Amino acid sequence: MQPIHFLSRGPQENGAARSGLTGSPDFPDPPAPPRGTLRDRTRRALRTVRSSVRSLPRTLRLVWAAGPWLTLGLGVATVVTGLVPAATAYLVRLLVNTVVEALRLRDGGQPEQLDLQLLAWSPTMTPLQAIVVLSALQFCVFTLNSAASAVRNISQQLLQDRVTIIVQRRVMTHAGELDLAFFEDSRSYDLLREAQQETPARALTVIGSVFGLAQSLVTFASVGLLLFGLSPWVAVVTLLAPIPAFISDSRYGQQVFLVAMWASPLRRRMEYLVRTTTTDTYAKEVTLFRLTPYLVGRFDLFSRVFYRRQRQVVTRRYAAGTAWSLITTVAAALTFLYVAAGAVTGRVTLGDLMMFTSASASLQTAIQTLFQSLSSAYENNLYLDKLDELLAVRPTIAAPAEPRPLPDPVRGHIVFDRVTFTYPGAEEPALREVSLEVRAGRTVALVGPNGAGKSTVIKLLCRLYDPDSGRILLDGVDIREFDPVELRRVMTAAFQDLAAFQASVAENIGLGDIERIEDRDRIERSAHRAGATTLVEALPQGYDTVLGKWFGGQELSGGEWQKVALARAFMRDAPVLVLDEPTAALDARAEHDLFARLARLSEGRTALYVSHRFSTVRQADQIMVIDSGRLIEQGTHQELMGLGGTYASLFTLQASAYLDDDDATPLNGTSRSDDEAEARA
Ligand SMILES: Nc1ncnc2c1ncn2[C@@H]1O[C@H](COP(=O)(O)OP(=O)(O)OP(=O)(O)O)[C@@H](O)[C@H]1O
């Protein structure tokens, strides 16, 4: 996996306090962007502009991919609404000048050349007629503006939904290609959360800022031109006045983002606490142990720290913004004074003054929107970077350039050749120099104390991870030479921490071979092999019964879910069957029945299973005992009992739990094994 550079661990991630429940909510200041001199700030503001402008094509590509027609609609509406302020201001000028002329004529003045370029085609037009035409034009402009606003709102809203869908879809598809290791790393979890939750929520602001930028640019250019015609320096002052506010805002925009990233671990804890009090899996214990007040208390603790920080940044940002925008207000007042004075001395007409009033107000708004959009585009850009960062994470377990075709048929001969493996971030290897051989068609049981490395063997075999050293061979070929997708096609598995899909029984089983999800015969056969037929038949709608509470379905017991998951594993015609404690929740009879039939069920497949129940383990063709990441014993039940080692002691320990204490054989198992056997018994 590529290193994730940005996501520095928050303070809670360091040291001992990594628990989601305990630990200090100490939340030192996030890194503040350096204050620097005015020059530094200006440079930073320019960087913001450059970065925002550079990000535009990417954002536009995203929006375009979401809906080309909607984007076009939004584009046209943006240009139209962008031109409206200039058109309105210009019409106001013509209208006021015409009214002044009409009043002059009424008072007996001589007709003057009306400054009505628009009406030049009809020099004979009276002022009254001109007023009617201008009012009609004004009406057209307003109507056009309303229509354009409607188009803009519709396309913006729809585009927002489309962008959200597209981003979520991309994240889903990409997450499906990533390694298991990615999901087991808390930093990746943050990245995934940012990309998946923040980015779609940013869709509105992304679109808003891009098109807001475009609209204000159009207004800026058209109104700027009008003002320039009136007085160049008025235009320049009006255009430059909002820049200080922008420089201030670009600093805070960056800080808001930094705070959000810094608070990510904190928010993850808050989300976790919400989940513990609102999710069914926790409900029993939370109620029984009366944990809610404690959990809510923890939530309060984290949320206070989070909120305090947010409040600080948000207030500072907007207070500073308002203070700086005073400069803009002062400049606006001065220019207004100048133009008004010009109207009194006759340097400009009354129409010019009205046009200036209307135009400068629109220009101020346009420039502010322009700068805000730049800041916001910059901020959104940082969030979109998160999405890109996620999409750039490549699985380390990828197909080789020229994958080797799988043997046809796959026999299922498995060899671990001095395999050592350490989990990412772990200090000790989970497996050390493990060498083992499972001959094709055999049923092999992996046993050993908790944390011994049994599941790790299974994960490596399914190529969810790659070993640090050593090789894993399938039918004599290193599994890294195959395409992992092809490799997993020849394996089927059931795990203890099974996936309970909120779907019908048939679908839950059919997902084991997605191409045959409609094949009811096969689904029923798989259920039969897993010993789930009686269970399914007792359900109200049989195979069509929806399971799980999410969508109002029927809840199953742990063991019943396991039977369904087992049936799913049997759906696939895979030569290698892997069962990682899939029977821990089954009752003794169900498990016994399953393993008694396993050899037949596996139908010549290689079956590798992990179990802590020695009564079933003994039926395996071969038993491998793993302890502390090493293979320490292997053989049949008889051979291992004869050996009198760990297996024999664990077996005897478990058997003795069913007998009187007096009958129990003295043991020499490790203390971990003792705990485990006690728990299992
Ligand atoms: N995702 C992981 N990241 C880091 N360490 C892990 C991870 N999964 C397991 N380990 C560690 O690797 C070691 C072997 O774990 P493994 O799950 O293979 O044990 P196991 O024999 O299957 O145990 P159990 O009987 O409890 O299921 C343990 O010390 C465990 O803490």
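Helices (H or I, at least four residues) and strands (E, at least two) are taken here as DSSP runs and are numbered from the N terminus. The model is a predicted one, in which local features need pLDDT of at least 70 and side-chain atom pairs count only at pLDDT 80 or more, while totals for chains, interfaces and linings use all residues. Residues are numbered from 1 along each chain as its sequence is written, and side-chain values use heavy atoms, with hydrogens and water left out.

Strand S2, which covers residues 431–438, contains Glu433, a residue that has a positive phi of about 50° although it is not a glycine. Exposure is described by relative accessible area, with buried meaning under 20%, exposed over 50% and partly exposed in between (1.4 Å probe, protein chains only). Glu433 counts as partly exposed because its relative accessibility is 47%.

S2 belongs to an open sheet of four strands, arranged in the order S2-S1-S4-S5 with antiparallel pairing, where two strands are said to pair if DSSP finds at least two bridges between them. The edges of this sheet are formed by S2 and strand S5 (477–478), each of which pairs on one side only. Within the sheet, S1 and strand S4 (residues 469–474) run antiparallel and are joined by five bridges, and Thr420 stands opposite Ser469 in S4. Helix H12 lies across S1, S2 and S4 and runs at about 115° to S1; for such angles, axes are lines fitted to C-alpha atoms, for helices over the stretch in contact, and the values run from 0 to 180 degrees between N-to-C directions. Contact in this sense means heavy atoms within 4.5 Å.

A second open sheet holds six strands in the order S6-S7-S8-S3-S9-S10, and its pairing is mixed. Strand S6 (491–495) and strand S10 (630–635) stand at the edges with a single partner strand each, so one side of each is left without a neighbour in the sheet. From one strand to the next, the twist averages 15°. Helix H12 (residues 454–461) also packs on this sheet, where it touches strand S3 (443–447), S6, S7, S8 and strand S9 (622–627), and its direction makes about 150° with that of S7. Helix H17 (residues 558–571), in turn, lies across S6 and S7 and runs at about 175° to S6.

Strand S7 (residues 576–580) pairs with strand S8 (residues 606–610) in the parallel sense over five bridges, and Leu577 has Ala607 as its bridge partner in S8. S3 and S8 likewise pair in the parallel sense, over four bridges, with Ala607 in S8 as the bridge partner of Thr443. S3 also pairs with S9 in the parallel sense over four bridges, and here the bridge partner of Val444 in S9 is Gln622.

S3 is mostly covered, with five of its five residues buried. In a regular strand the side chains alternate between the two faces of the sheet. In S3, Thr443, Ala445 and Val447 point one way while Val444 and Leu446 point the other way, and all are buried.

Two further backbone features are found in loops. Asp408 and Pro409 are joined by a cis peptide bond with omega of about 0°, and Pro409 is placed in the loop between helix H11 (350–392) and strand S1 (414–421). Ser628, in the loop between S9 and S10, has a positive phi of about 45° although it is not a glycine. With a relative accessible area of 39%, Ser628 is partly exposed.

Grid points are joined across faces, edges and corners, and a volume is the space filled by probe spheres set on the points. The count comes to one cavity of 30 Å³ or more, and the volume of the largest cavity is about 40 Å³. Its lining includes Ser55, Val206 and Asn380. Helix H1 (38–66), helix H5 (186–230) and H11 are the elements that give two or more residues to this lining, with the largest share, four residues, coming from H11.

Terms used: 1 Å grid on protein atoms, 1.4 Å probe; cavity = no way out; pocket = protein on both sides within 12 Å on 5 of 7 lines; lining within 4 Å.
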